[in-house]
Amino acid sequence: LGKSHLTQAVVHSVMDNAPATMLHYVTAQQFSAEMVNGIMNKKMEQFSQKYIHNCDMLLVEDIHTLVGKNKTQEQLNTVLDYLIRSGKRVILTAAVTARKLDGLDEDFKSRMTSGLVTRIEAPDYTTRVNIIRHKAQANNLKLDDSLVDYLAQHLKGDIRKTESAIIGIKAKACLLDTPPDKILIKEVLSEVIGAPSRLDGETIRNFIGCQYKISLDELKSRSRKRSVAFPRQIAMYLTRKYTDISLADIGSLYNRDHSTVLHAIRVVTRDMSQNSSVKEQVAILSNKLRNR
């Protein structure tokens, strides 16, 4: 679920469906090293033959590592120009978009962005849950739903951290000869991702969205449906309780003004005093937030 996963999937698909394709899959560093070796050993003709004349498809990973390497950029730009004009397929990946890569030649940037440019979003909560379950199963690690939920709430973005956490949990559980519990998982996560971050408005908003299965757009919408309005009010109440954010700043998280936030806090406070179910919900959510 990252750029390498996708490029490798492309390679496997091409090899399965068109095995005769002359395909080259390298990192930008490998391309640069090959070029330097070609120059030093006076073998640039073979280098050009490989990447220009004997290439139907080129995949180059981590283009961002070429920042400041002008000669490599120039050579790769020449290769790209020939391949693209010849109707060949080219896939390039980078940690950030081309426009954010300072230190790249403008002509090279232009060539990179001449085709389809897209970004890979971080996996959402549901996808993270599925990934964690899959990785745990692959490592013969049994995790109950509450532990999977805890991991999904904390492991965001980098899939490698998820893999590292699962391996770490498995190793520690085996070493201690005990099934994994929340204390063990917290210890492993502190090593993988560091100490838990301090609660802020965005974290609480995302947490409430996950708990009530409501999207960020819905929380920020003008909808007054109780299924949306109630979680929004709970989020405002908890943000006021656990952060020092002003009423106006809390409101800006939901496209509301400070008076709406004040009303939400009053509504939740009133409902908690009159409705044991609401009081219990808030208590459970508060406990989950404190123990993130």
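Me: How many aromatic pairs does the count come to here?

Reply: The count comes to four aromatic pairs. Keep in mind as we go that this is a predicted model.

Me: How should I read such a pair, and what does F31 with F47 look like?

Reply: In general, a pair of aromatic rings is described by the distance of the centres and the angle of the planes. For F31 and F47, the centres lie 5.2 Å apart and the planes make 65°, an edge-to-face arrangement. F31 belongs to helix α2 and F47 to helix α3 (residues 44-53), so this pair ties together parts that are 16 residues apart in sequence.

Me: Are F31 and F47 buried or exposed?

Reply: Both F31 and F47 are buried. Ring pairs also bring in Y51, giving a cluster of F31, F47 and Y51.

Me: Which parts of the chain does the pair of Y212 and F230 link?

Reply: Let's take the geometry, then the location. Y212 and F230 are edge-to-face too, with 6.4 Å from centre to centre and 90° between the planes. Y212 sits in helix α10 (residues 201-212) and F230 in helix α12 (residues 226-242), so distant parts of the chain, 18 residues apart, are linked.

Me: What lies over the face of F230?

Reply: That is R226, at 4.5 Å from the ring centre.

Me: Now to the sheet. In which order do the strands come, and is the pairing parallel or antiparallel?

Reply: As a general idea, strands of a sheet pair through backbone hydrogen bonds, either parallel or antiparallel. In this model, three strands form an open sheet in the order β1-β2-β3, with parallel pairing. The edges are β1 (23-27) and β3 (89-92), each pairing on one side only. Ignoring direction, neighbouring strands are turned by 10° against each other on average.

Me: How many bridges join β1 to β2?

Reply: Five bridges join β1 to β2 (residues 57-61). To find one of them in the viewer, look at L23, whose bridge partner in β2 is M57.

Key:
Residues are numbered from 1 along each chain as its sequence is written. This is a predicted model: local features need pLDDT of at least 70, side-chain atom pairs count only at pLDDT 80 or more; totals for chains, interfaces and linings use all residues. Side-chain values use heavy atoms; hydrogens and water are left out. Two strands pair if DSSP finds at least two bridges between them. Helices (H or I, at least four residues) and strands (E, at least two) are DSSP runs, numbered from the N terminus. Axes are lines fitted to C-alpha atoms, for helices over the stretch in contact, and angles run from 0 to 180 degrees between N-to-C directions. Rings of Phe, Tyr and Trp (its six-membered ring) pair if their centres lie within 6.5 Å; planes under 30 degrees apart count as stacked, over 60 as edge-to-face and the rest as tilted. Buried means under 20% relative accessible area, exposed over 50%, partly exposed in between (1.4 Å probe, protein chains only). A charge sits over a ring if NZ of Lys or CZ of Arg is within 6 Å of the ring centre and within 35 degrees of the ring normal.
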